[in-house]
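User: Hi! Could you walk me through some side-chain features of this structure?

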Amino acid sequence: MSFDEGKGRLWVVCRKCERWNLTPIEERWEAIEECERVFHGIRTRVSTDNVGLARHREGLELVRIGEPLRPEFAAWRYGDQFGRRRKKAIIIGVGATAVIGTVAIAGVATGVVSGVFFGQFGNFINAYRNGRTLVKVKEDGGKVLKLKQPDLDKVKIISAGDGTDWIIELKRGKVERRWEGEEGLKMANRIIPAINRSGARKSTVQDAVREIEDAGHPTEFLKRASLDGAGQEGNLWTRPIGNGSWKPLKEKHMGLIQKLPGPSRLALEMALHEEQERRALQGELKTLEAAWKQAEEIAAISDNLLLPEGTDEFLEQHRVAETLERGS
């Protein structure tokens, strides 16, 4: 669990999907106070000026956020996620290779497996890689779409120049799927982590953070995903060709997330996640404003309940008269 008392934010960190999930505002304030109390009560903890980590004896891990600079917080927050994914991918890869290697060696030694096995080794790996369901997305009708590696390779992301009008396209054989607007943003947040499931080294995460910093803000970075800006410096679908010139990717590669460099794919996931949180927080502000206005109306009614009828008119008349008297 992670919390920022200064900004009033509380995240539940899922170790399975490695996402930081912002909790609803109505469940947050007392929990943040309790987290702060528990954090200071744990003796075994490590802290920098901006980030603290404490592990309770019952297994609860608390991450306390102070007032960090964005690069430090982003590198710390997402570096943990991508680092865990990378370790998991390595373990799975090594385990699968070890099992297949053991079978091959045993087979050769006993004469059961011939050289044909090694010729088919690559086919086994590809079949395993392409046959697994990597992410499930639920469509509006309730149908669950199971996406595998070949499907993810064909996912396209399109955004307008202002970075707000999101479109996710998926071609699966003769069937095409297209999600737009808020639904497109939601699908992007489901699909891109699956594309980035292998994680990354710390250096690659830092490169991704620098790309966002170069744009100035996650929202500004998302604008660079627009196909409208292809061929311009800074656009994700643009490559330098020397002499200060830039050109877009090949037409068939335009918009394909899988064709982006590793740091850009990671940065895209980071920026989309923070955009999702930003919109959630904006919704909270609207809710708070509405609640404040309602409270003001109730308070005004309460203040007038015990006053005689006509009090407001009496006070207004005397206020005007007093003003005129002072003016004379």
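User: Is Arg178 buried, partly exposed or exposed, and what is its relative accessible area?

Analyst: Happy to start there. This is a predicted model, where local features need pLDDT of at least 70, side-chain atom pairs count only at pLDDT 80 or more, and totals for chains, interfaces and linings use all residues. Residues are numbered from 1 along each chain as its sequence is written, and side-chain values use heavy atoms, with hydrogens and water left out. Buried means under 20% relative accessible area, exposed over 50%, and partly exposed in between (1.4 Å probe, protein chains only), so Arg178 is partly exposed, with a value of 45%.

User: Which residues are linked with Arg178 in a network of salt bridges?

Analyst: A salt bridge here is a side-chain nitrogen of Lys or Arg within 4 Å of a carboxyl oxygen of Asp or Glu. Arg178 makes one with Glu169, with the closest N and O atoms 2.2 Å apart, and another with Glu180 at 2.9 Å, N to O. Glu180 is partly exposed at 46% relative accessible area. The network partners of Arg178 are therefore Glu169 and Glu180.

User: Where do Glu220 and Lys223 both lie?

Analyst: Their side chains meet in a salt bridge of 3.0 Å, N to O. Glu220 is partly exposed at 35% relative accessible area, and Lys223 is partly exposed at 30%. Helices are DSSP runs (H or I, at least four residues), as are strands (E, at least two), numbered from the N terminus. The two residues are three apart, about one turn, and both lie in helix 8.

User: In which loop is the place of Lys259?

Analyst: Lys259 is partly exposed, with a relative accessible area of 42%. The place of Lys259 is in the loop between strand 13 (245–248) and helix 9 (262–304).
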